[in-house]
Amino acid sequence: MAITLNNGFKMPIIGLGVWRMQGQEIKDLILNSIKIGYRHFDCAADYKNESEVGEALKEAFDTGLVKREDLFITTKLWNSDHGHVVEACKDSLKKLQLDYLDLYLVHFPVATRHTGMFRFLCFL
């Protein structure tokens with residue numbers, strides 16, 4: 001089952017979060033989840049496992065288990081990266097070994113340490 005977004009894309013209503021999973025555990029989880037039908041994976045830079053998730057996704061694509069366009073991949077901008085969103089997104093894409101994300105969220109709407117963003121907003 002999926003929800004149709006305003007842009008026409010479909011987002012699976014059930015996703016698998018990968019918080020606090022590492023190494024072989026995350027790789028096995030991702031591959032087995034794809035095999036049983038999961039198509040939405042919820043990641044975040046703060047989970048510190050995007051590289052491991054990326055390795056599992058690459059294996060799934062390389063072995064023909066699933067195509068990239070069949071998955072809905074979400075990751076999140078961490079609250080200390082508000083001042084350099086583009087760079088943080090590119091870093092997540094590199095770690096996840098993806099060309100694009102289906103959804104990029106702000107993990108927390110307020111930065112917890114100075115990132116330069118406040119100064120920028122003051123001059124708008």
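**Questions on a predicted fold**

Reader: Which atoms do the side-chain values use?
Author: The model is predicted, so local features need pLDDT of at least 70 and side-chain atom pairs count only at pLDDT 80 or more, while totals for chains, interfaces and linings use all residues.

Reader: What is the phi of K48?
Author: K48 lies in the loop between β4 and α2. K48 is not a glycine, yet its phi is positive. The value is about 60°.

Reader: Where is R20, another residue with positive phi?
Author: R20 is not a glycine, and its phi is near 65°. R20 is exposed, with a relative accessible area of 62%. Its place is the loop between β3 and α1.

Reader: What pattern does the protein chain follow along the sequence?
Author: The protein chain has four helices and six strands. These are DSSP runs numbered from the N terminus: helices are H or I, at least four residues, and strands are E, at least two. Read along the sequence, the pattern is β-β-β-α-β-α-β-α-β-α.

Reader: Which residue stands opposite G17?
Author: β3 pairs with β4 (residues 40-42) in the parallel sense, over two bridges. G17 faces a residue of β4. That residue is D42.

Reader: Which residue of β5 stands opposite H40?
Author: β4 and β5 pair in the parallel sense over three bridges. β5 is mostly covered, with six of its six residues buried. The residue of β5 opposite H40 is F72.

Reader: What word describes the packing of α1 against α2?
Author: The axes of α1 and α2 are 9 Å apart, at an angle of about 40°. Angles under 35 degrees are roughly parallel, over 145 roughly antiparallel, 65 to 115 roughly perpendicular, and the rest oblique. So α1 and α2 are oblique.

Reader: Which residues of α2 make the contact with α1?
Author: Contact means heavy atoms within 4.5 Å. From α1 come G23, I26, K27, I30, L31 and I34. From α2 come E52, V53, A56, L57, E59 and A60.

Reader: Which residues touch the most other members of the largest nonpolar core?
Author: A nonpolar core is a set of buried Ala, Val, Leu, Ile, Met, Phe, Trp, Tyr and Cys residues joined through side-chain atoms within 4.5 Å. The largest holds 22 residues. α1 (23-35), α2 (50-62) and α3 (85-96) each give two or more residues to this core. The members that touch the most others are I30, V53 and I73.

Reader: How far apart are the C-alpha atoms of L103 and M11?
Author: L103 is in strand β6 and is partly exposed at 29% relative accessible area. Leaving aside neighbours within four places in sequence, L103 is in contact with M11, F72, I73, T74 and T75. L103 and M11 are 92 residues apart in sequence. Their C-alpha separation is 9.4 Å.

Reader: What distance separates the C-alpha atoms of L93 and E50?
Author: L93 lies in helix α3 and is buried, with a relative accessible area of 15%. L93 and E50 are 43 residues apart along the chain. Their C-alpha atoms are separated by 8.7 Å.

Note on methods
Residues numbered from 1 in each chain as written. Heavy atoms only, no water. Buried < 20%, exposed > 50% of the residue type's maximum accessible area, 1.4 Å probe, protein only. Pairing = 2+ DSSP bridges. Axes fitted to C-alpha atoms, helices over the stretch in contact; angles between N-to-C directions.
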